[in-house]
Amino acid sequence: MSEVVYPPESVYNLIPKEEVRTEKPPRYMSKFRQTVVLEKKLTKDAMRTMGPAKVEVPSPDKYLKKHAKEPKLPEKTERSKEVRNTSTMRKPPVPARTDNPPMGIHTKRDFIKTAAVVPMKPEPTCVDTNKGHKQRLENSGLVPKYIKKKDYGEVPEYILQRSEEERRAQEEYDNFVREQREQGAMKHLSDEERQAVLEALKKNWDKLHHEYQGLSLVIDTLSKKAHKEQLEAEMKKLENDINLFERFKTIYIPNI
């Protein structure tokens, strides 16, 4: 069945209709068109157009001849003849049978040892896979070459230098603290005093933590929010102080 949809039949379709033609507006032409074309022609460089450049046509008399494009060797000069003669100089002749060989020449070279052929020892290797892959035994890590070094088991030089710097810095700090304590500016806390202060800080933290846990789950007013933030700030400060007293055994406080 055809899917073409025809318009409904009507008597008015039989009346011929006038063809309406739409007139297009004239194409836009810039008033500077001629100026642009003239400037483009004036600024056009040579050898930038399509096709070969206009050159002089070769004369029919200058046709391509045989061996015209083969490379030509430079002409022979006196200098080239001298170089050729020096490179082709003949070697000295072979001494005759009646000539006496030079006598009295001694050497320390042992021709017996140098003439003997010493077989080269194969380089030790190590096979590390079942497919036959091998590598040098020295680089495989199976040869204990590091424990045989002279400085094996000794402390490296840079660690000794760093320890010396830390010791010197600690001595300078201890001297400074001793001078300040002698002047009466600082006081050293004993272990009993440090433990007492630490216990007091922990008790204060437990008290604030108990109060913090008693806050309501729903914080819907500004006063509740401010109270919660205040408790958190005080607990954070106490945690920093507790951490400070636990890390350092020697503590100095200023005399007030």
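Tutor: Before we start, the expected span of a helix is 1.5 Å times one less than its number of residues, and helices here are DSSP runs (H or I, at least four residues), with strands (E, at least two) treated likewise and both numbered from the N terminus. This is a predicted model, in which local features need pLDDT of at least 70 and side-chain atom pairs count only at pLDDT 80 or more, while totals for chains, interfaces and linings use all residues. Residues are numbered from 1 along each chain as its sequence is written, and side-chain values use heavy atoms, with hydrogens and water left out.

Student: How many helices and strands does the chain have?
Tutor: Read from the N terminus, the elements follow the order α-α-α-β-β-α-β-α-α-β. The secondary structure of the chain therefore comes, by the DSSP definition, to six helices and four strands.

Student: How far does α5 reach from its first C-alpha to its last?
Tutor: Helix α5 covers residues 191-213 and has 23 residues. At 1.5 Å a residue the expected value is 33 Å, and the reach in the model is close to that, at 33 Å.

Student: Which element do the buried residues of α5 pack against?
Tutor: The buried residues of α5 are Arg 194, Leu 198, Leu 201 and Leu 208. Contact means heavy atoms within 4.5 Å, and, leaving aside neighbours within four places in sequence, Leu 208 is in contact with Leu 231, Glu 234, Met 235 and Leu 238. Leu 208 and Leu 231 are 23 residues apart in sequence, yet their C-alpha atoms are 6.7 Å apart. The element against which the buried residues of α5 pack is α6 (222-247).

Student: What does UniProt list for residues 221-248?
Tutor: In the model, this span is 93% helix and 0% strand, and its end C-alpha atoms lie 42 Å apart. UniProt positions are given in the numbering used here, with shortened feature names, and annotations may be inferred rather than shown by experiment. The name that UniProt lists, in an unreviewed entry, is "coiled-coil region".

Student: What is the phi of His 67?
Tutor: Most residues other than glycine have a negative phi. His 67 is in the loop between α1 (33-42) and α2 (78-87), and counts as partly exposed because its relative accessibility is 49%. Although His 67 is not a glycine, its phi is positive, at about 60°.

Conventions
Buried < 20%, exposed > 50% of the residue type's maximum accessible area, 1.4 Å probe, protein only.
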